[in-house]
Amino acid sequence: MILLFNTMSRSKEEFIPLVPGKVGMYTCGPTVYNFAHIGNLRAYVFADTLKRVLLDDGFEVKHVMNITDVGHLTDDADAGDDKMEAGAARERKSVWEIARFYEQAFKEDLELLNILSPTLFCRATEHIQEQIELIKRLEEKGFTYTIEDGVYLDTSKIEDYGKLARLDIDKLLAGARVAMAEGKKSPTDFALWKFSPKTKKRAMEWDSPWGPGFPGWHIECSAMGMKHLGETFDIHTGGIDHIPVHHTNEIAQSEAATGKVFVRYWLHNDFLVLEAAKMSKSSGEFLTLRKLIEMGYQPVDYRYFLLNSLYRRPATFTFEALDGARSAVSNLRDRVLSLREAKGSKNPQKAEEYLSQFRSAVRDDLNTPQGLAVLWNSLKDDELGPDEKNYLLGQFDAVLGLGMDRFEKKEEFIPEEVFALVEARQTARKNREFAEADSIRVRIQGLGFLVEDTAQGPQVRKA
Ligand code: AMP
Ligand code: ZN
């Protein structure tokens, strides 16, 4: 039995999918105007852990993740600057170059963290028609109104608006300031389609029945979730910041359009905080996985750090804590390597007991800290032989995703994969694609190697 904390009911519930044996799961992906920061990556390690727990229990998982490559506004309330255009101006590139570059960088981060690739990545810009269709459905049912700057959802027509966040609508209305878009009827109403300014062509805009413009931010997740997983699906994940606005609005528009429950289990990770501050991508100052790698950490150190806290509690990032994780990973590596060559069985029955303890922990709303404790207890248990320990490590790692089967001795040979990357980097350099070459170098570092460019060509060595 898997227990998951459903934000909708504010309680742990037994997970029972819509179709026996199968799970449809949607994860809100990144807005690709900059690198993901390590806080964002917490959201994806959490979703990956959830998926691994489901797979370990025998479920078939269809996992969909969107790529927000349409430029939305920096502010949840449909105001502020366009994030993609700001990224393009910052780097003197086109919005499309920015979108593709940071999407690729994001996918590399996932790979470095040993996050299983979603069944499907879907780009918002490749689902404009589906978003328009959904808005048309809402319009036909009378849930929309059009004002100067766009088509809006009329949230007053939705009786249970705000149920996920348990918003106190009356209080919200009373406290609302007048800083609303001209003509917007209520502060909770939100844009489904925004019109391009009359005086200027936007870098990204599309035709629609309402005029040229671009979709509002929330509509993409409803349109793509429903297209790929059905009008009702099992699990939706994201960070807690999405509860009051983004997910609230996804629910409002999806359920208004279909008359059905949109998502059955809502799961949210709490934030990664840097000492006292919240990490923010738009402020520009933030830690990325690349920075950690440049500082000499391995991606697995960060993954271990994350697994060592409960996803539903805030996690405070400090370098001391990351050093602690690094030294745990290093101990684990030593054990894994010395067990790899060893043989002999002592007590298979006891191994099964450890496995069931581990599974109870991770199936209880992803208690990975407890899972790690079981792992260490079993490794230290002299009643288990190397066969049992190797078996357990394989089972545990299917869920933890630390990539233990790829742990290598420090002075060991350079794997083929690294050579292939070194070559790809040379090609990129020849073609003067320096950003690409740089990003490959970071990937090489992520695998634990350094490249140095010498007169004889690139030299590789263990980091
Ligand atoms: P964004 O690219 O801003 O849409 O964020 C991507 C994901 O990261 C979303 O699920 C956010 O809820 C999540 N997120 C943003 N900041 C943090 C943070 N500091 N800690 C954990 N998750 C975060
Ligand atoms: Zn979303």
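In the predicted model, Asn 367 touches Leu 310, Ala 361 and Val 362, with residues up to four places away in sequence not counted. Asn 367 is part of the loop that runs between helix H11 (348-363) and helix H12 (368-380). A polar atom of the Asn 367 side chain lies 3.0 Å from the backbone nitrogen of Gln 370. The loop between H11 and H12 also holds Asp 365. Although Asp 365 is not a glycine, its phi is positive, at about 50°. Asp 365 counts as buried because its relative accessibility is 5%, under the 20% limit used for burial.

Positive phi values occur at other sites. Most residues other than glycine have a negative phi. Arg 166, a residue other than glycine, has a positive phi near 55°. The position of Arg 166 is the loop between strand S7 (150-153) and helix H5 (169-175). Arg 92, which comes just after helix H2, takes a positive phi of about 50°.

Helix H2 itself spans residues 83-91, and its buried residues are Lys 83, Met 84, Gly 87 and Ala 88. These residues lie on the same side of H2 because they cover an arc of only 140° around the axis. Helix H3 (95-112) is the element against which the buried residues of H2 pack. At the start of H2, the backbone nitrogen of Met 84 has a side-chain oxygen of Asp 82 within 2.8 Å.

The domain assignment divides the protein chain into domain 1 (3-269), domain 2 (274-406) and domain 3 (416-462). Between domain 1 and domain 3, the C-alpha centres are 36 Å apart. Four residues from domain 1 and four residues from domain 3 take part in the contact.

The largest nonpolar core comprises 119 residues. Within this core, the residues with the most contacts are Phe 15, Leu 54, Ile 235, Tyr 302, Phe 317, Leu 332 and Leu 375. Helix H1 (residues 38-56) makes the greatest contribution to the core, giving nine residues. Domain 1 (3-269) and domain 2 (274-406) each supply at least three residues to the core. When neighbours within four places in sequence are left aside, the contacts of Leu 54 are Ile 2, Phe 15, Val 23, Met 25, Phe 59, Val 61 and Ile 235. Another core, of eight residues, lies apart from the largest one, and includes Leu 421, Val 422, Ile 444 and Val 451.

Arg 303 is located in helix H9 (residues 299-307). Its relative accessibility is 1%, and Arg 303 therefore counts as buried. The Arg 303 side chain makes polar contacts with backbone oxygens. A polar atom of this side chain lies 2.9 Å from the backbone oxygen of Leu 113, and the side chain of Arg 303 reaches the backbone oxygen of Leu 400 at 2.8 Å. With neighbours within four places in sequence set aside, Arg 303 is in contact with Val 45, Asp 48, Thr 49 and Arg 52, with Leu 113, Asn 114 and Ile 115, and with Val 399, Leu 400, Gly 401 and Leu 402.

The zinc ion (ligand 2) is coordinated at 2.1 Å by Cys 28 through SG, Cys 221 through SG and His 246 through NE2. The sequence spacing of the donor residues of this zinc ion is C-x192-C-x24-H. The cysteine pair links distant parts of the chain, with Cys 28 and Cys 221 lying 193 residues apart. Cys 28 is in the loop between strand S3 (22-27) and H1, while Cys 221 is in helix H6 (residues 217-229). Cys 28 and Cys 221 are both buried; Cys 221 counts as such because its relative accessibility is 1%. The C-alpha atom of Cys 221 is separated by 15 Å from that of Val 32, a residue 189 positions away along the chain.

How values were computed:
Residues numbered from 1 in each chain as written. Chains lettered and ligands numbered in written order. Predicted model: local features only at pLDDT ≥ 70, side-chain atom pairs only at ≥ 80, totals over all residues. Heavy atoms only, no water. Buried < 20%, exposed > 50% of the residue type's maximum accessible area, 1.4 Å probe, protein only. Helix = DSSP H or I, 4+ residues; strand = E, 2+ residues; numbered from the N terminus. Arc of directions from axis to C-beta. Contact = heavy atoms within 4.5 Å. Polar contact = N/O pair within 3.5 Å; in protein donor to acceptor, adjacent residues only side chain to side chain. Core = buried A, V, L, I, M, F, W, Y, C linked by side-chain atoms within 4.5 Å. Domains from an automatic or database assignment. Donors = N, O, S within 2.8 Å, 3.2 Å for Na, K, Ca; no water.
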